[in-house]
There are 4 protein chains.
Amino acid sequence: MSSSDIFISETIGTAVLILLGGGVCAAVTFKRSKAYNAGWVAIAFGWGLAVLAGAYIAAKSGAHLNPAVTIGLAIKGGIEWSQVPVYFGGELLGSMIGAFLVWISYYGQFRAHLTDPEVLAAHNGTDGLVDQAAAPKAGPVLGIFSTGPEIRHAVQNLATEIIATIVLVLAILNLGLSDNGKGVGPLGSLLVALVVVGIGLSLGGPTGYGINPVRDLGPRIVHALLPLPNKGGSDWGYAWIPVVGPLIGGAIAGGIYQVAFA
Amino acid sequence: MSSSDIFISETIGTAVLILLGGGVCAAVTFKRSKAYNAGWVAIAFGWGLAVLAGAYIAAKSGAHLNPAVTIGLAIKGGIEWSQVPVYFGGELLGSMIGAFLVWISYYGQFRAHLTDPEVLAAHNGTDGLVDQAAAPKAGPVLGIFSTGPEIRHAVQNLATEIIATIVLVLAILNLGLSDNGKGVGPLGSLLVALVVVGIGLSLGGPTGYGINPVRDLGPRIVHALLPLPNKGGSDWGYAWIPVVGPLIGGAIAGGIYQVAFA
Amino acid sequence: MSSSDIFISETIGTAVLILLGGGVCAAVTFKRSKAYNAGWVAIAFGWGLAVLAGAYIAAKSGAHLNPAVTIGLAIKGGIEWSQVPVYFGGELLGSMIGAFLVWISYYGQFRAHLTDPEVLAAHNGTDGLVDQAAAPKAGPVLGIFSTGPEIRHAVQNLATEIIATIVLVLAILNLGLSDNGKGVGPLGSLLVALVVVGIGLSLGGPTGYGINPVRDLGPRIVHALLPLPNKGGSDWGYAWIPVVGPLIGGAIAGGIYQVAFA
Amino acid sequence: MSSSDIFISETIGTAVLILLGGGVCAAVTFKRSKAYNAGWVAIAFGWGLAVLAGAYIAAKSGAHLNPAVTIGLAIKGGIEWSQVPVYFGGELLGSMIGAFLVWISYYGQFRAHLTDPEVLAAHNGTDGLVDQAAAPKAGPVLGIFSTGPEIRHAVQNLATEIIATIVLVLAILNLGLSDNGKGVGPLGSLLVALVVVGIGLSLGGPTGYGINPVRDLGPRIVHALLPLPNKGGSDWGYAWIPVVGPLIGGAIAGGIYQVAFA
């Protein structure tokens, strides 16, 4: 498969992932949304099924959609190391496009929310998805774009992201269906999607489960760029954790796989 | 397969889709329903599993159940263009039958709801699924039949419908299981159904996700025809958006598929 | 396969179906249950996954678990008519064993509930699953055993049961996996289970979706027999509806299949 | 397969099972978790999908993850009796590692919770998952590690655990996919995971569904060992029930299988 084929497929697939994943955060956050306040079960299924949709759509390129998966597969030997930057590029671009499409899809809701005096008064840096301690840093809709910790502590937040990503990548590598870089197949996509639902339910509590560098970084860049009124800060101080943690987790998972299961 | 086989299969399958889809809206809306107030997770799963049931039942004809899917498959080359009107006809008729069966299934609930002074007093054109701004237009049970926007703005509502439909049709086209017009197979049906759950959770917030012209239009016609007391208007001013948006989205998805994945 | 093999398999499978199905009703009804008040989504998934568990376990005999399915398959030609009574017998016995096991599993909860003065005072014939109008008939735990209507009206309740059962049986018949009486296979079991979740979410509102004669009748008999304090009536006046309705629905579905899809 | 391969695979798989399973209990228990109070549907899906993740990851060794499953398979003849202790060892060690990782993942949340005066004052031996009657025995976070009864009664609690485990093991044995000790395959993993969701929804109410000796014992040991402030007792008086009950249930299921389905 050519590099451009990989790039295009990963871009579109990751855009869908973030469109649906960011979408469900928007859906439960905004008062003028039919899914307002639908709860964490909605969030966890929303993100998991976002993986499902993205995985089908990017099946051509193996549907990594996540640099941590790309790293894990490269260590396992499922793809060439020379392809890694191509995957990374598509994944990052796609994540930004996805975040942009969330904004388009919820355009009126963003505006109503960010100009609602009640929201602004109540907002002290938290939007329900971001910790109080982040008050001066996180704007009232940042949680729709990026993750943030409930209790801000770098080592601990990093540990949570590493552990959660190990589970994700280990599950993907053990499907035994992705060796040829062609993704995990329709059934495998479903299984991975449901594992993501499970990770969200179980390990999403402390940090909102980035478990994917571009899932957090791409939308955060878009948050910084978009002309949103009263959007507040993009919390760049936290931004390295959901990038570095998942990369470490993906590499550890690749190592565990080689040692224990290969 | 003969045109009449296609027509009958799509009619029955789409009737089941709308029966279960409209059914879950009725189930959560009516006080005298065991699922009263069951929330958006119930709605999203209800509609997704409605797709599942309809897809099995109409497997013979490929289970399009949706003109946007028919359009996307025609562009991809999965069916003959000459069959398109047959699919459209079965889909529209089926959607009307389905809406009618919702009314039969919840007959007593409709009557109790629409003659309840408390409901009528509280209703100002919104039934919990329809925007305040729609007050003079949408009756208190229209949300069980058709979609309506939370924030009424034609361009934006259209954009949301287009984006959500692109995700749906792109996922269906990429399953790679539907080339021969025989539908997506049992596993494919499940995957599509779950993508629909995901779209509902993530992109259903602003407009209630029509993503299917007949899903909205057929039941709206039935709403206009049924002898319901105090039913209010059918909000025809909005009716073109969930028809035109999904058709555009399906066509765009067909184009993206041809360019990026074929 | 011998009649005794069919009988044993259907008995065990239907016992599991009712054990898990009645179990989830108990789980959400009792205050001293960890799932107290878990809502309709829990009920719908609980019953659907009860079908899943029963279907695996009774795969040997085709996992009908439901006389309406047996009727539909007999009309389609999937089983011999002479086997029908064997299936019916196993299904009815299994449903009674299942209801008995619910009582064992929640023994302390039943006793605490039925001797709680607060529960008894509040109970006026309704247990949250049964209509007010049924007050003099339905005891405070009958909803854990059998179904009951929200609005009591024989014709309408019958219509809802018929319609919901048609959807169920039509989906099963169209899986195209059950022709040889060997059940629907592992994937088919999952699909049927999810259709049952969907029917529960969408059409369970008015009557609590019997859609299976023995699902209602067997546990109602057990309710009548069990030595429960203050258990109240078994609402025999309603009992014929979830028996007759599903049988009619199964037969209609078999007919539709023969005409439209065979 | 060598004993060390089995041991390593079961250890890692069971660690993932308990990490995600204990994780969801932590996620809904702690105020400073994004999934706080997400309800029993979240718990049931969290545990079921924990099985899914563990099952993929330990597919190499058949992914028992549960001594009750090991017993049932040994009786059925799926594995050698000489391998049973190897499975048991890996399962117990894995469950302890998993519980430890829950603590790491929610480190700050544990500390905040256990030093919150409001939590400590409100806690009278119950943590929302453990019965009032257990007050002097169960600490405020024990429910994140181990199960506990809503109504404490040895015979009854044992009966519930036996019944629930019979359903689990009977479903696994009847998948017909696990004869060769290689686990249930990707689709089988999904089916078993969903059966576990169903058991949780339906039979989890009275005892919190141990249905797996190490799922309860391993984390309880870790609870006893961890340096948690104000952690309270580990309720050792109850500890034998979720060990003995599931072992009996697994053996009974193996026997039923041999008699009725083999």
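Tutor: A definition to start with: contact means heavy atoms within 4.5 Å. Keep in mind, too, that this is a predicted model.

Student: Happy to! What rotation superposes chain D on chain A, and which axis does that relation belong to?

Tutor: Chain D is superposed on chain A with an RMSD of 0.0 Å, and the shift along the rotation axis is 0.0 Å. The rotation itself is 90°. That is the relation of a four-fold axis.

Student: Do chains D and A meet through different surfaces or the same ones, and what percentage of interface residues tells us?

Tutor: Look at the interface residues of chain D and ask which are also interface residues in chain A.

Student: How is the aromatic pair of Tyr257(C) and Phe261(C) classed: stacked, edge-to-face or tilted?

Tutor: Both residues lie in helix α11 of chain C, four residues apart, about one turn of the helix. Tyr257(C) is buried at 12% relative accessible area, and Phe261(C) is buried at 7%. Their rings are 6.4 Å apart centre to centre, with 35° between the planes. The pair is tilted.

Student: How many disulfides does the structure hold over all chains?

Tutor: Cys25(B) counts as buried at 4% relative accessibility, and Cys25(C) does at 3%. A disulfide needs two cysteine sulfur atoms within 2.5 Å. Over all chains, the number of disulfides is zero.

Methods
Residues are numbered from 1 along each chain as its sequence is written. Chains are lettered from A and ligands numbered from 1 in the order in which they are written. This is a predicted model: local features need pLDDT of at least 70, side-chain atom pairs count only at pLDDT 80 or more; totals for chains, interfaces and linings use all residues. Side-chain values use heavy atoms; hydrogens and water are left out. Copies are superposed by least squares on the C-alpha atoms of residues with pLDDT of at least 70 in both. Buried means under 20% relative accessible area, exposed over 50%, partly exposed in between (1.4 Å probe, protein chains only). Rings of Phe, Tyr and Trp (its six-membered ring) pair if their centres lie within 6.5 Å; planes under 30 degrees apart count as stacked, over 60 as edge-to-face and the rest as tilted. Helices (H or I, at least four residues) and strands (E, at least two) are DSSP runs, numbered from the N terminus.
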